[in-house]
Amino acid sequence: MKKIKYSEITPEKIYNNRRSFIKSISIGAGSIAMTSLPFTGDALSEEKNKNTSYKDITTYNNYYEFGTSKSDPYINSQNFKTKPWTISIEGEIENPINISMEEISEMFVSEERIYRLRCVEGWSMVIPWMGFSLSKLLSKVTLTSKAKYVEFESVYDPDQMKGQRYPVLNWPYKEGLRIDEALHPLTTVVTGLYNKKLPNQNGAPLRIFVPWKYGFKSAKAIVKIKLVEKMPTSSWMWASPREYGFYSNVNPNVNHPRWSQATERIIGNDIFAPRVKTLMFNGYEEEVASLYTGMDLKKFF
Amino acid sequence: MKRFLKPSVFILSLFPFLIITYKIFFNQLGPEPVKEITHHTGEWTLIFIILTLAMTPFKKITKLNVWISLRRMLGLFVFFYATIHMLTYVVIDYRLDLQSISKDIFTKRFIFVGFAAWLLLTPLALTSSKKAMMLLKDKWKKIHRLIYIIAILGVVHFIWLVKKDLTEPLIYMAIILILLLFRFKFKKV
């Protein structure tokens, strides 16, 4: 079984490398943020930066709307309807808009963006997403001076989402970013992965991905993007403010009461593979550290 | 019939271990195998705690002594699974990185109670023989009542590690509390 899995990954990886090579020629300097992965320079880096298999990415998910077990989202989301789908952009903007998925795919070109996903539970994956910077989407609206934060709201549909029939979290799922975080080029609107349409269990039809924050910050199946003046309370902050802060930047120096944040396990590795050290800002320190200059990240965790 | 009871229970009790071993060798543990091993062995530790604690009430209810003859073996299986559970964490997951492990023990309360529970199990396993029983006389019973505390610590360990959905650990908690309640009742009668 192990061997089949490996041979499945390799061609995909060669394919991806070829794609990003072609892209880097055609897009050139504008694509710095497209494929940037941490863990470079040491002997194990290639192993650590290998794309996680499509199977693991799409069958091992935290998506409580479809159930709390990792295998639930794949099982319970197959009949989830993502058409029609409209996203409302509202709040502190001059021109609130409703934008359909069709319009989004017409207006924005999704490019491949290979990023590491670090879950707060102490595991990580490398995922070849398809998407574009959130800043591009937000450029379609005019922010007012009160637009200090962005709140993301996921869909609420207990008829289709089994997990929402129980008060596991404060539904609908909410997440948020500070406006400068939201406008950072690494903050991605995701529409697909592995060059395929985004699977339901991964947050179809549209989700956010913020590579330097723990996975739960990246809300799935988004229906509303609201610009607000005050820091929004995310669903996980609501559930346990002691454990989950607003920022939730990947930070090996800030302890979590349950999981080690100093190290992580790479998904898909066998039992003999060691844990690897978790990097500050999930390895994107160079790109994002300046957002937090002068902030005590132990306090603003 | 009675002759085959103990060997059969012994073999049955080994089944979870054999299944986990099979899954390791045939790569059936999914994307996060170490977590799976830890989870399975932890779960079976709690199940064997429940089985061990159930023997005395079963004896009282059915008025059959046969249950008591199984108690020691089941208790040793608690130690067996708890030890594999602990070693998975120490050896496979953290590769004997004692600095990280000791930091975890003192900063993460669920690891602290889990480790404490395992430590408390050790004297029970060491004094499980008939010889120890005779040597320790009255003290033996007192020492072995530690299992009540261990059971609570074990289930608290589970409650504290769960992220959000507490259903499973609370079921274990309920069963363990019922079994402990039996002891109060019968002591008073």
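Trainee: In chain A, what share of contacts between residues at least 6 apart in sequence join residues at least 24 apart?

Mentor: Two residues are in contact here if their C-beta atoms, placed from the backbone, lie within 7 Å. Keep the chain A pairs at least 6 apart in sequence, then ask how many join residues at least 24 apart: 69%. Bear in mind that this is a predicted model, where local features need pLDDT of at least 70, side-chain atom pairs count only at pLDDT 80 or more, and totals for chains, interfaces and linings use all residues. Residues are numbered from 1 along each chain as its sequence is written, with chains lettered from A and ligands numbered from 1 in the order in which they are written.

Trainee: OK, on to chain B: how many helices and strands does it have?

Mentor: Count DSSP runs, numbered from the N terminus: helices are H or I with at least four residues, strands are E with at least two. Along the sequence, chain B reads α-α-α-α-α-α-α-α-α. That comes to nine helices and zero strands.

Trainee: And which helices of chain B each supply at least two residues of the side that touches chain A?

Mentor: Start with the contact count: 17 residues of chain B meet 19 residues of chain A. On the chain B side, the helices each giving at least two residues are helix 2 (33-62) and helix 4 (98-107).

Trainee: What share of the 189 residues of chain B count as buried?

Mentor: Buried takes 20 or more other C-beta atoms within 10 Å of a residue's own, with C-beta atoms placed from the backbone. For chain A, with 301 residues, that gives 41%. For chain B, it's 27%.

Notes
A residue is buried if 20 or more other C-beta atoms lie within 10 Å of its own, exposed if 12 or fewer, and partly exposed in between; C-beta atoms are placed from the backbone.
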